[in-house]
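Here's a friendly walk through one protein structure, told as questions and answers. Have a look at it first, then let's dig in.

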Amino acid sequence: GVSDDPTRYVTGTPAINAIAKHLAATPGVAFYAKHHVTAAGAGRLEFQEQPPVDGFDAIVVTCPAPQVSASVGQTHPELAAKAQAVTMRPTWAAMLAWESDQADFGLAHLRRGPIERLIRAGDGAWAVHLTHDFSEQFLEARPEEIAAEAARHVAAVLGMTQPPAQRVAHRWRYVTTPTPPGKPCLSEENGRFVVAGDWLLGDGVESAWRSGTAGATRVAEALS
């Protein structure tokens, strides 16, 4: 179960995507990975890689704003225009692993050098989010270069004298919205076509949860 303790963090295991994999395995769910949606609306999805699929009672689009505008522009130009007006900033993230560490904290918003946020992921394991300014400056850098830079700064914070045994970096091209629209979701087709995402309210999993819940409620009302 989930603890009521507000300091407790819940994540998928053995990896964060385990939650999505579990939901995708639900009977009746069709999962299409790495498919480029070129148009969506009126109960129909069109793909670049395969023939269209239709017959849906409702469609919910939850990708970042720039991808929303590219996917729904043909069928929902007003929604696409609203998404296109939103600016999103990137974040480089890195996972670093030492054998162990002596740090006495699990989460820190540091803003020290390029470090924005440092999150414990296990004994000796840390996730680090780098600042938006740094991420924009080095947006097209190689992941191994970013991982090395992150490791150097995190080692200084933790007082580690040796480099991590493992380090890997990942670029989130669309992460935060400096000026979000402020609506938890957008909809057309009498609630049967919904756009949701953290970018509508700001950033972070909290905004994503609120937006997703609002979108699901809108669809449920439309189908009831």
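Q: Leaving out residues up to four places away in sequence, which residues does Leu 96 touch?
A: Keep in mind that this is a predicted model. Contact here means heavy atoms within 4.5 Å. With residues up to four places away set aside, the partners of Leu 96 are Gly 124, Ala 125, Trp 126, Val 128, Ala 147, Ala 150, Ala 151, Val 154, Pro 164, Gln 166 and Arg 167.

Q: Which element supplies the largest share of the largest nonpolar core?
A: That core has 19 residues, and Leu 96, Trp 98, Val 128, Leu 130, Ile 146 and Val 154 touch the most other members. At least two residues each come from strand S5 (89-97), strand S7 (115-122), strand S8 (125-130) and helix H5 (143-158). The largest share, 7 residues, belongs to H5.

Q: How many residues are in the other core, the one with Phe 47 and Trp 199?
A: This core lies apart from the largest one. Among its members are Phe 47, Val 61, Ala 80 and Trp 199. Its count is 18 residues.

Q: Are the rings of Tyr 32 and Phe 47 stacked, tilted or edge-to-face?
A: There are 3 aromatic pairs by the rule used here. For Tyr 32 and Phe 47, the ring centres are 5.6 Å apart and the planes sit at 35°. Stacked needs planes under 30 degrees apart and edge-to-face needs over 60, with the rest counted as tilted. At 35°, therefore, this pair is tilted.

Q: How many residues apart in sequence are the parts that Tyr 32 and Phe 47 tie together?
A: Tyr 32 is in the loop between helix H1 (18-24) and S1, while Phe 47 belongs to strand S2 (residues 44-47). Tyr 32 is partly exposed at 37% relative accessible area, whereas Phe 47 is buried at 10%. The parts they tie together are 15 residues apart in sequence.

Q: Phe 134 and Phe 138 form an aromatic pair; which of the two is buried?
A: Their pair is tilted, with 4.7 Å centre to centre and 40° between the planes. Buried means under 20% relative accessible area. Phe 138 comes in at 34%, so it counts as partly exposed. With 12%, the buried one is Phe 134.

Q: Are H2 and H3 roughly parallel or roughly antiparallel?
A: Their axes come within 8 Å and cross at roughly 155°, and H2 passes H3 in a left-handed crossing. The contact is made by Ala 65, Val 68, Ser 69 and Val 72 of H2 with Pro 77, Ala 80, Ala 83 and Gln 84 of H3. Angles over 145 degrees count as roughly antiparallel. So the two helices are roughly antiparallel.

Q: Which elements do the buried residues of H2 pack against?
A: In helix H2 (residues 65-72), the buried residues are Ala 65, Val 68, Ser 69, Ser 71 and Val 72. They pack against strand S1 (37-41), strand S4 (59-61), helix H3 (77-84) and strand S11 (193-196).

Q: Is Ser 135 buried or exposed?
A: Ser 135 lies in helix H4 (residues 132-137). Beyond residues up to four places away, Ser 135 touches Pro 90, Thr 91, Trp 92 and Leu 130. With a relative accessibility of 0%, Ser 135 is buried.

Q: How far apart in space are Ala 103 and Ala 65, C-alpha to C-alpha?
A: Ala 103 is in the loop between S5 and strand S6 (107-108), and at 21% relative accessibility it counts as partly exposed. In sequence, Ala 103 and Ala 65 are 38 residues apart. In space, C-alpha to C-alpha, they are 37 Å apart.

Note on methods:
Residues numbered from 1 in each chain as written. Predicted model: local features only at pLDDT ≥ 70, side-chain atom pairs only at ≥ 80, totals over all residues. Heavy atoms only, no water. Buried < 20%, exposed > 50% of the residue type's maximum accessible area, 1.4 Å probe, protein only. Helix = DSSP H or I, 4+ residues; strand = E, 2+ residues; numbered from the N terminus. Core = buried A, V, L, I, M, F, W, Y, C linked by side-chain atoms within 4.5 Å. Phe/Tyr/Trp six-rings, centres within 6.5 Å; stacked < 30°, edge-to-face > 60°. Axes fitted to C-alpha atoms, helices over the stretch in contact; angles between N-to-C directions. Parallel < 35°, antiparallel > 145°, perpendicular 65-115°, else oblique. Left-handed = near helix turned anticlockwise from the far one by under 90°.
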